[in-house]
Amino acid sequence: MLYQLYETQRALLAPFSEFASASAKLYSHPLSPFTHLPMSQRVAAGLDLMHRLAKDYEKPQFDIKTVRVDNVDVAVQEQVAVEKPFCRLIRFKRFSDDPTALMDMKAQPTVLVVAPLSGHHSTLLRDTVKSLLQHHKVYITDWTDARMVPTEAGPFHLDDYVNYVQEFIRHIGPEVHVISVCQPTVPVLAAVSLLASAGEFTPRTLTMMGGPIDARRSPTAVNNLAMNKSYSWFENNVIYRVPPHFPGSGRQVYPGFLQHTGFVAMNPDRHLSSHYDYFLDLVRGDDDSAEGHRQFYDEYNAVLDMPAEYYLDTIKTVFQDFALVNGTWEVDGHPVRPQDISTSALLTVEGELDDISGAGQTRAAHELCTGIPKARQFHYDVQGAGHYGIFSGRRWREKVYPELRAFIQRFNQPDEIIGTPKAPARKARPAQATAKTTAKTTAKRARRAG
């Protein structure tokens with residue numbers, strides 16, 4: 001019933017939102033006589049803010065048309081590499097007529113970015129993808145809004161998520177480097193563990209960023225909610241059926257608007273202040289700051305529904321049973337054994353101020369992946385970064401991405417080519433060493449090669 005009430009409210013607010021938008025333009029357009037009335041800027045700013053608070057936010061586009069490679073602008077085209085009922089594997093194909101850029105692009109590493117299925121669309125990682133495209137071939141998982149998936153497609157469980165990741169890795173091939181951001185760190189680690197246990201190839205590198213590998217460590221408000229409420233509470237209080245007029249009508253989901261409400265409730269003062277600042281920017285005519293606000297909230301307010309089976313499986317497996325770290329998780333009857341991974345290199349990344357995945361939760365992957373030599377394990381703490389700062393924004397571009405790029409470049413060869421040092425002249429790097437060491441080593445090798 002709640003979902004139907006939400007949709008009814010959204011339909012009722014739609015005309016008001018459009019009226020507010022049109023009225024804002026009436027008081028701000030330079031050719032309108034109302035623009036010259038006293039307080040017209042404040043009236044226009046208030047109406048514009050009301051429009052944005054009441055409007056419906058659709059899925060944004062990646063809108064990455066070009067990227068800079070070797071000081072050359074190359075065209076970028078989105079291609080669907082694999083299409084599944086609940087996800088599309090998208091490849092960002094780059095094109096150029098410059099022979100040098102083409103040669104460099106062909107030799108660059110291939111990266112699979114596993115985007116979170118946790119309420120927001122994969123376009124939340126636009127900044128991540130844009131940075132990676134400068135030096136990598138990039139694929140990303142584009143998860144489908146569950147209300148758009150017909151019930152005939154069947155349910156979608158956490159095990160299915162793991163199987164999807166395995167299929168995507170197999171499709172790309174053994175040269176792939178996998179980056180998981182937030183929620184997918186757990187199913188990605190499971191997928192790679194199962195590949196290793198079955199004797200299949202595993203990615204050359206695994207990068208895990210801000211995810212709940214062991215949610216018992218430094219629990220956040222998100223962790224506490226999942227751990228302090230019973231499974232039946234979630235089943236009875238946050239699961240609803242998709243209303244009519246959607247392709248997935250009747251499907252049980254965890255609605256995106258509930259997830260969005262939870263996100264806002266974590267920091268209500270911050271969002272209130274942000275909207276007030278937007279109003280002041282419009283009054284002052286600070287178009288750049290106002291546009292930055294619009295871009296952020298166009299992404300932040302666009303949410304998707306999650307399949308109920310997947311959501312409830314995640315609550316139980318990750319946040320209540322801690323099945324991965326306890327060694328009790330089975331996928332389709334096969335035990336998940338991270339200790340079987342031996343040929344991949346591992347990098348974990350955490351933000352100092354992360355209020356979604358607490359300190360140590362992602363780093364716990366090193367204790368599980370005991371089959372990976374210590375010389376191939378690295379950890380990087382991002383000082384001053386919150387959850388979003390480790391994959392988007394200035395800190396991502398200036399701090400995290402250079403470390404990640406150097407890490408991937410170092411291990412962009414099969415394990416048998418790179419080799420594992422048996423008796424290094426210097427003291428072996430521990431798992432806790434940061435990826436900064438990797439960057440320095442790579443730079444020295446490049447200077448020698450040059």
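Colleague: How does arginine 216 count at 41% relative accessibility: buried, partly exposed or exposed?

Modeller: At that value arginine 216 counts as partly exposed, and please keep in mind throughout that this is a predicted model. Aspartate 214, by contrast, counts as buried at 3% relative accessibility.

Colleague: How far apart are the closest N and O atoms of arginine 216 and aspartate 214?

Modeller: The general idea is that side chains of opposite charge can pair when their charged atoms come close. Here the closest N and O atoms of the two residues are 2.9 Å apart, and the pair forms a salt bridge. The count for the structure comes to 21 salt bridges.

Colleague: Which parts of the chain does the salt bridge between arginine 397 and aspartate 127 tie together?

Modeller: The side chains of arginine 397 and aspartate 127 meet at 2.6 Å, N to O; because arginine 397 lies in helix α15 and aspartate 127 in helix α4, the pair ties together parts that are 270 residues apart in sequence. Arginine 397 is partly exposed, with a relative accessible area of 43%, while aspartate 127 counts as buried at 15%.

Colleague: How many disulfides does the structure hold?

Modeller: A disulfide is a covalent bond between the sulfur atoms of two cysteines, and the structure holds zero of them. For cysteine 182, the nearest cysteine sulfur belongs to cysteine 87 and is 16 Å away; for cysteine 369, the nearest is that of cysteine 182, at 18 Å. Cysteine 182 is buried, with a relative accessible area of 11%, and cysteine 369 is buried too, at 0%.

Colleague: Which residues of helix α11 are buried?

Modeller: An α-helix has 3.6 residues a turn, so residues three or four places apart point the same way. In α11 the buried residues are Ala290, His293, Tyr297, Glu299 and Tyr300, and what covers them includes α2, α4, α9 and α10.

Colleague: What is the strand order in the open sheet of three strands?

Modeller: Strands of a sheet pair through backbone hydrogen bonds, either parallel or antiparallel. In this sheet the order is β8-β9-β10, with antiparallel pairing; β8 and β10 stand at the edges with a single partner strand each, so one side of each is left without a neighbour in the sheet. Two bridges join β8 to β9, and arginine 241 stands opposite glutamine 252 in β9.

Colleague: Which residues touch the most other members of the largest nonpolar core?

Modeller: Among the 102 residues of that core, these are Phe92, Leu112 and Trp329, while helix α6 supplies the largest share, nine residues.

Note on methods:
Residues numbered from 1 in each chain as written. Predicted model: local features only at pLDDT ≥ 70, side-chain atom pairs only at ≥ 80, totals over all residues. Heavy atoms only, no water. Pairing = 2+ DSSP bridges. Helix = DSSP H or I, 4+ residues; strand = E, 2+ residues; numbered from the N terminus. Core = buried A, V, L, I, M, F, W, Y, C linked by side-chain atoms within 4.5 Å. Buried < 20%, exposed > 50% of the residue type's maximum accessible area, 1.4 Å probe, protein only. Disulfide = S-S within 2.5 Å. Contact = heavy atoms within 4.5 Å. Salt bridge = Lys/Arg side-chain N within 4 Å of Asp/Glu carboxyl O.
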